[in-house]
Amino acid sequence: GSGGHVPSSARSAFGYAMVALLALSSLGWSLWRRPPIPGSVLSDADGGVCLDGTPASAYVRKGHGDGAAKWYIHHEGGGWCTSLDACAARAQMRLGSTRNDTATLKLDWAYFATDPALSPFWNWNAVFLRYCDGASFAGDNETVVEHGGQRLHFRGRRILHAAIAALLDPATGGLGRATDIVVSGCSAGGLAAFLHVDEWVRRVRAAGNSAARIAAMPDSGYFKDYDSAAPDGPRYATDMRWVFDAQNCTAGVNQRCVAANADAPHRCFFAEHTAPHLATRTFALESRYDSWQLRNVLGSTDADAVNKFGDALAASIDSRLLAGPAKHGAFVTSCSTHCGVWDKVVGGVTAQDAFMAFFHNDTGAVRRRIDERRYKCDVCCDGDHAVCARAP
């Protein structure tokens, strides 16, 4: 979401550390410890620190069996801070600090599920990149900003680079020997997957791994570049422009997009402007009527307004993501949800099955699964496709 405090209505979507059951261990490389272990590549040596200056953090679960050389990489989500006041407040929270991070994190839901019936990544190496910079791992501002009694660090890009280096280091990671890599995340982390997947691929290839199959799977990260026309409506695009400028994100977003938008590089902080420039195959998971965007981007739940917004979002995915030469894909549900696409069904196929068919280039794999049903389609959320009205 946008803003320093994640709204209480959205907070549950980001309470990743609170709900789960599977311990993720450090594999002995302890990227998450505070203070950082001497020589740890996720230390603050290059300034890759959270908003409050605490060290960056990541959790890893070791893969096994036929997943031992496969990697699922997840950028945590949790909104953005869209003013100095919001960033100062966020620096006091887990989305701006690792001061209260635990030695292990328990996750066993959706993508991280250890039941093979619930996730194809059940036995893969799983990486959970803690989100504490407030700008989708894109900021790179050398200046430490003093505000509200806080010293604020805008260094998400440096956190990202430290994480990539750690995972590629043969002594600590193993990503350089991967056969399969999925770069993902949800909400602000889904946006991060759009923004950074090409950088992940560049670094993996530069490390000598030319054979790994790599794709992005951003979930609920296709936020519209949109300001509400209502006098008291959300100014999401304007807020994101502030984040981009304040955190100095130009070097931390897709550089082909920046080159194509030299007069307005802030556009590259949006998936819809980044999408035409993505070189890595990307399969977007999205809700046509994303519940977070209805509140915080559109600012309305009026059915006519929501349907127009959903149509524009779907059209943007078609024209900007799917129309390009890179053979991207998309799974768009008409269930109004956010970070809840994983188990939804479109055309008789779940999001996870649609993605894996895309990832493996299965014969007959369908790249485009976009539900056309109109808001508010509650049965779209339970997989019962018999009752919804069709779009005209």
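Biologist: Before we turn to single residues, what does buried mean here?

Modeller: A residue is called buried when its relative accessible area is under 20%, and exposed when that area is over 50%. The model we are looking at is a predicted one, and 59% of the 392 residues of the protein count as buried.

Biologist: Why is Ser-187 called buried?

Modeller: The relative accessible area of Ser-187 is 0%, and the cut-off for buried is under 20%, so Ser-187 is buried. This residue lies in the loop between strand 8 and helix 4, and its phi is near 60°, a positive value in a residue other than glycine.

Biologist: How do you know whether Cys-339 is buried or exposed?

Modeller: Cys-339 has a relative accessible area of 18%; since buried means under 20%, Cys-339 is therefore buried. It is found in the loop between strand 11 and strand 12, and the phi of Cys-339 is also a positive value, near 60°.

Biologist: What makes helix 10 largely enclosed by the rest of the structure?

Modeller: Helix 10, which covers residues 351-359, has 9 residues, and 8 of them are buried, so the helix is largely enclosed by the rest of the structure. Among the buried residues are Phe-355, Met-356, Phe-358 and Phe-359, and the buried residues of helix 10 pack against several strands, including strand 8 (180-186), strand 9 (213-219) and strand 10 (283-287). Just after this helix, Asn-361 takes a positive phi of about 55°.

Biologist: Which residues have the most contacts inside the largest nonpolar core?

Modeller: That core has 72 residues, and those with the most contacts inside it are Trp-80, Leu-175, Ile-181, Trp-200, Phe-269 and Ile-317. Helix 4 (residues 188-206) supplies the largest share of the core, 10 residues. There is also a second, separate core of 28 residues, which includes Leu-107, Cys-339, Val-346 and Met-356. In soluble globular proteins, nonpolar side chains tend to be buried together.

Biologist: Why are helix 8 and helix 9 called roughly perpendicular?

Modeller: Helix 8 (residues 291-298) and helix 9 (residues 303-322) pack at an angle of about 105°, with their axes 11 Å apart. Angles of 65 to 115 degrees count as roughly perpendicular, and the two helices are therefore roughly perpendicular to each other. On the side of helix 8 the contact is made by Gln-293, Leu-294, Val-297 and Leu-298, and on the side of helix 9 by Ala-305, Val-306, Phe-309 and Leu-313. These residues divide into 7 nonpolar, 1 polar and no charged.

Biologist: What is the angle at which helix 3 and helix 4 pack, and which hand does their crossing have?

Modeller: Helix 3 (residues 156-168) packs with helix 4 at an angle of about 35°, and their axes are 11 Å apart; the crossing is right-handed. In helix 3 the meeting residues include Leu-160, His-161 and Ile-164, and those in helix 4 include His-196, Glu-199 and Trp-200. By class, this contact has 7 nonpolar, 2 polar and 2 charged residues.

Biologist: Where does a cis peptide bond occur?

Modeller: A cis peptide bond joins Tyr-375 and Lys-376, with omega of about 5°, and Lys-376 lies in the segment after strand 14.

Technical notes. Residues numbered from 1 in each chain as written. Predicted model: local features only at pLDDT ≥ 70, side-chain atom pairs only at ≥ 80, totals over all residues. Heavy atoms only, no water. Core = buried A, V, L, I, M, F, W, Y, C linked by side-chain atoms within 4.5 Å. Buried < 20%, exposed > 50% of the residue type's maximum accessible area, 1.4 Å probe, protein only. Helix = DSSP H or I, 4+ residues; strand = E, 2+ residues; numbered from the N terminus. Axes fitted to C-alpha atoms, helices over the stretch in contact; angles between N-to-C directions. Parallel < 35°, antiparallel > 145°, perpendicular 65-115°, else oblique. Contact = heavy atoms within 4.5 Å. Nonpolar A, V, L, I, M, F, W, Y, C, P; charged D, E, K, R; others polar. Left-handed = near helix turned anticlockwise from the far one by under 90°.
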